[in-house]
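Please open the structure in a viewer and keep a selection tool at hand.

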Amino acid sequence: MQSLDVLVKGRGAVGSSLALSLAAQGLSVGLAGAPEMARADDVRTYALNAASVALLTELKVWDGLPTDAVCPVYDMVVCGDAALGQPPGRLSFSAWQQGVRELAVIVDAAALDAQLAAALRFSPHVRNVDANTPAALTALCEGRESAAREALGVEFRPKPYGHRALATRLVADLPHQGVARQWFGAGGEVLALLPFEKPSPGHSYGLVWSCAEERAQALLGMDETDFERELNAATVGAAGSLKLGGPRATWPLALARAGAVSGPGWALLGDAAHLVHPLAGQGLNLGLADVAALAGVIAAREPWRPLGDERLLRRYARARLAPTLAMGELTDVLQRLFAHPSPAAQGLRNRGLDALNQLAPVKRWLTQRALGL
């Protein structure tokens, strides 16, 4: 006997959002897995697009976030690596020029987790269950190391970049004014400053610095003074003088896509289904788009069709194939282009940034894709 309509394995942002979305349709939902525990050293930030914000607003999660947990991005500046004797390429985006309210919103990951957990506690159709509880549909949202995906025999072979992402919080002596900044450096290094409100309102950033394993470990092991010296050299004073405002953490980077994202009675979402390089900040946006797609397929299903019907779940798989594949390929190509050491590639990528900066229609198209519109 099936005691649930849907079993969701994984309590991160993707799994929690899916549980709320399906419960809102009146389905009985069980959540399995260890809950996300608040940590004082959590330095994660998410760059959420308009589609993700709309989903979280619909789930009555967004408006409950603390004011200092969200920060809009109004402008973004991307810089390349300078060729010998040449200025670096430069690409800029403005919300005003693109006719949108903001390009993205930077969100405190811990605050979002807490708000999702609070919403789940008030959802009458969601309950905590054992991972073996029978259900018509099992949604696997356990992340890149999903044991349930492995048990199904689904192929998932991450292609390591040999890089790690280093994250922390920073405080600047100049106001950020809602400007996000990104630098592409030698060897595929990518440094992103995401405007934020904590620990110092109007002067804070979330840092995501992707670099080779040895370099990342060296940065992680530096004392504060040495780390800040390296950081300020890399950002060339564009955001003012930067100081550490929190602990540092790192994680490995890889490109991966599951061999199948659905089957009879199961579906994969989020990092359990796909991994992309963080240079575009689209990881969670892809996962929340998975949530919206699966919830939409289930809401539109024929009354006689079971939730775990393989043909029904193929509709979800088809809907997510192109967007996730395109984002994975785009970020991979960009990372490899900027990792190429030849002077010819260096000149090409910097001229490419400059040329793209002059193409308003292309920039508008890229903005719409990034916003999830």
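A polar contact is a pair of N or O atoms within 3.5 Å; within protein, one atom must be able to donate a hydrogen and the other to accept it, and residues adjacent in sequence count only if both atoms are side-chain atoms. This is a predicted model, in which local features need pLDDT of at least 70 and side-chain atom pairs count only at pLDDT 80 or more, while totals for chains, interfaces and linings use all residues. Residues are numbered from 1 along each chain as its sequence is written, and side-chain values use heavy atoms, with hydrogens and water left out.

**Stop 1: helix α4**

Select D108 at the start of α4: one of its side-chain oxygens comes to within 3.1 Å of the backbone nitrogen of A110. Helices (DSSP runs of H or I, at least four residues) and strands (runs of E, at least two) are numbered from the N terminus. Next, select residues 109-121, the 13 residues of helix α4; at 1.5 Å a residue they should span 18 Å, and the end C-alpha atoms are 19 Å apart, which agrees. The expected span is 1.5 Å times one less than the number of residues. The buried residues of α4 are A109, A111, L112, D113, Q115, L116, A118, A119 and L120.

**Stop 2: the second largest pocket**

On a 1 Å grid over the protein atoms alone, a pocket is an open set of points with protein on both sides within 12 Å along at least five of seven lines, whereas a cavity is a set where a 1.4 Å probe fits but cannot get out; lining residues have an atom within 4 Å of a point. Grid points are joined across faces, edges and corners, and a volume is the space filled by probe spheres set on the points.

Select R11, L31, A117, L120 and N128, which lie nearest the centre of the second largest pocket among its 16 lining residues. The space in this pocket is about 260 Å³. Helix α4 gives the most to the lining, with 5 residues; α1 (13-23), α4 and β8 (126-128) each supply at least two.

**Stop 3**

How many cavities of 30 Å³ or more does the structure hold? There is 1, and the largest cavity contains about 40 Å³ of space. To display its lining, select R257, V261, L268, A273, H274, D290, Y316, R320 and T324. Helix α9 (residues 310-339) gives the most to this lining, with 3 residues.

Centre the view on R320, a residue of α9. R320 is buried, with a relative accessible area of 9%, and its side chain is joined to that of D290 by a polar contact of 2.6 Å.

**Stop 4: loops with particular backbone geometry**

Select K198 and P199, whose connecting peptide bond is cis, with omega near 10 degrees. P199 is placed in the loop between β12 (190-196) and β13 (204-212).

Move to Q177, in the loop between β10 (159-172) and β11 (179-184). Although Q177 is not a glycine, its phi is positive, at about 55 degrees; at 62% relative accessibility, Q177 counts as exposed.

Then select V236, in the loop between α7 (224-235) and β14 (242-244). Phi of V236 is also positive, near 45 degrees, and V236 counts as exposed at 63% relative accessibility.

**Stop 5: charges over rings**

A charge sits over a ring if NZ of Lys or CZ of Arg is within 6 Å of the ring centre and within 35 degrees of the ring normal. Select R149 with F156: R149 lies over the ring face, at 3.7 Å from the centre. Finally, select R248 with F227, where R248 lies over the ring face at 4.7 Å from the centre.

Methods:
Buried means under 20% relative accessible area, exposed over 50%, partly exposed in between (1.4 Å probe, protein chains only).
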